[in-house]
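Here is a short briefing on one protein model. Keep the sequence and the 3D view open as you read.

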Amino acid sequence: MSPVSIDPPEAVKLRAAAEGAAGLAWLGDLPRLVAELAQAWGLSVGRTLDGGTEALVVEAALPDGRAAVLKLAPPGCDPAGRELAVLLAAGGRGYAQVYAHDAARGAMVLERLGPQLAQMGWSVEAQIEALCATLKTAWMTPADPACFMTGAEKAAGLAQFIQESWRELGRPCTERTLETALSYAQARAAAFDPARAVLAHGDAHAWNALQVPGGEGFKFVDPDGLFIEPAYDLGIAMREWAQDLLAGDPVGLGARRCRLLAGLTGVDPDAIWEWGFMERTSTGLLALKLGLPGGREMLDVADAWAAGGMAD
């Protein structure tokens, strides 16, 4: 069995390298690992797909000819196996179908979907409408909520990450932004109610929504898996498209986006805004840490939101 040629996207290499020796060893071992899994599952392996930020994804075909993708996650990417748990629980409803999996090696074979929503040239508003429609299909009550991080735990984790990263990076956003994020984290932790929580995607942006072949809507990939209020997933859309917000009044445009999300889903706009603020701040800090693009723009919007508050 000969290793196959594998060239992971740059973002995947950066994420793996950030894990140290284990991540670098995983990168070096990918050709052999892909070849072994292809043989075990009878896959015909094709090209490496772009767009991923953590896992390697390559085109594949099942022995019966069905189009699929082989996904390999680096060490430490999802130690609790929440992604696989979400996909298996969904059974193809709102998420990509799982055809085969090997949790020990962080490998899955998934149905191959079409282009990412982010690549389709749609307006921000149209993308938001598609994300909301897909989320309403995907949200479910988990059979075992104890398997997933709760909304209170997520809020506490974001608060800790934001505070530590802000200091480590030399205060790259205003102190008011930091204080606002910590205040919102406290509010969302206190608001956690298991009776109103759902199994949420956790990173429901337009790059993680892929078109169903035939143009019949979208399905999600790469779920984080959280037991949390629906507003969290909508807060991810508040985090995205920073340049669109910076092209005008960030506060007014952000408030309009928040109202759109609330109107499409019936979810409390204040909760959407607070999760969105935390996600924008934490992701901006993370991007600066990893040397990924967009971090500065995310924090510029967060600074504007902290100074201006949520417009009516």
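Leaving aside neighbours within four places in sequence, Gln127 is in contact with Leu117, Ala118, Trp122, Ala206 and Trp241; contact means heavy atoms within 4.5 Å. The model is predicted: local features need pLDDT of at least 70, side-chain atom pairs count only at pLDDT 80 or more, and totals for chains, interfaces and linings use all residues. Residues are numbered from 1 along each chain as its sequence is written, and side-chain values use heavy atoms, with hydrogens and water left out.

- Gln127 lies in helix 4 (residues 124-138). Helices (H or I, at least four residues) and strands (E, at least two) are DSSP runs, numbered from the N terminus.
- Gln127 is buried, with a relative accessible area of 6%. Buried means under 20% relative accessible area, exposed over 50%, and partly exposed in between (1.4 Å probe, protein chains only).
- Trp241, one of the contacts of Gln127, follows helix 7 and has a positive phi, near 55°.
- Nine of the nine residues of helix 7 (residues 231-239) are buried, so helix 7 is largely enclosed by the rest of the structure.
- Among these buried residues are Tyr232, Asp233, Met238 and Arg239.

- Five strands form an open sheet in the order 1-2-3-5-4, with antiparallel pairing. Two strands pair if DSSP finds at least two bridges between them.
- Strand 1 (44-48) and strand 4 (98-102) stand at the edges. Each has a single partner strand, so one side of each is left without a neighbour in the sheet.
- From one strand to the next, the twist averages 25°. Axes are lines fitted to C-alpha atoms, for helices over the stretch in contact, and angles run from 0 to 180 degrees between N-to-C directions.
- Strand 2 (residues 56-61) and strand 3 (residues 67-72) run antiparallel and are joined by six bridges.
- Val57 stands opposite Lys71 in strand 3.
- Helix 2 (residues 21-41) packs on the sheet. Helix 2 touches strand 1, strand 2, strand 3, strand 4 and strand 5 (107-111), and its direction makes about 140° with that of strand 3.
- Helix 3 (residues 82-90) lies across strand 3, strand 4 and strand 5. Helix 3 runs at about 150° to strand 4.

**Helix 5 against helix 6**

- How do the axes of helix 5 (residues 151-168) and helix 6 (residues 175-191) cross, and what is the angle? They come within 8 Å and cross at roughly 165°.
- That makes helix 5 roughly antiparallel to helix 6. Angles under 35 degrees count as roughly parallel, over 145 as roughly antiparallel, 65 to 115 as roughly perpendicular and the rest as oblique.
- Helix 5 supplies residues including Ala155, Ile162 and Trp166 to the contact, and helix 6 supplies residues including Leu178, Leu182 and Arg188.
- Gln160 also sits in helix 5. Gln160 is partly exposed, with a relative accessible area of 47%.
- Gln160 and Leu182 are 22 residues apart in sequence and 8.6 Å apart in space, C-alpha to C-alpha.

- An open sheet of three strands has the order 6-10-7 and mixed pairing.
- Strand 6 (149-150) and strand 7 (198-200) stand at the edges. Each has a single partner strand, so one side of each is left without a neighbour in the sheet.
- Strand 7 pairs with strand 10 (residues 226-228) in the antiparallel sense, over three bridges.
- Val198 stands opposite Ile228 in strand 10.
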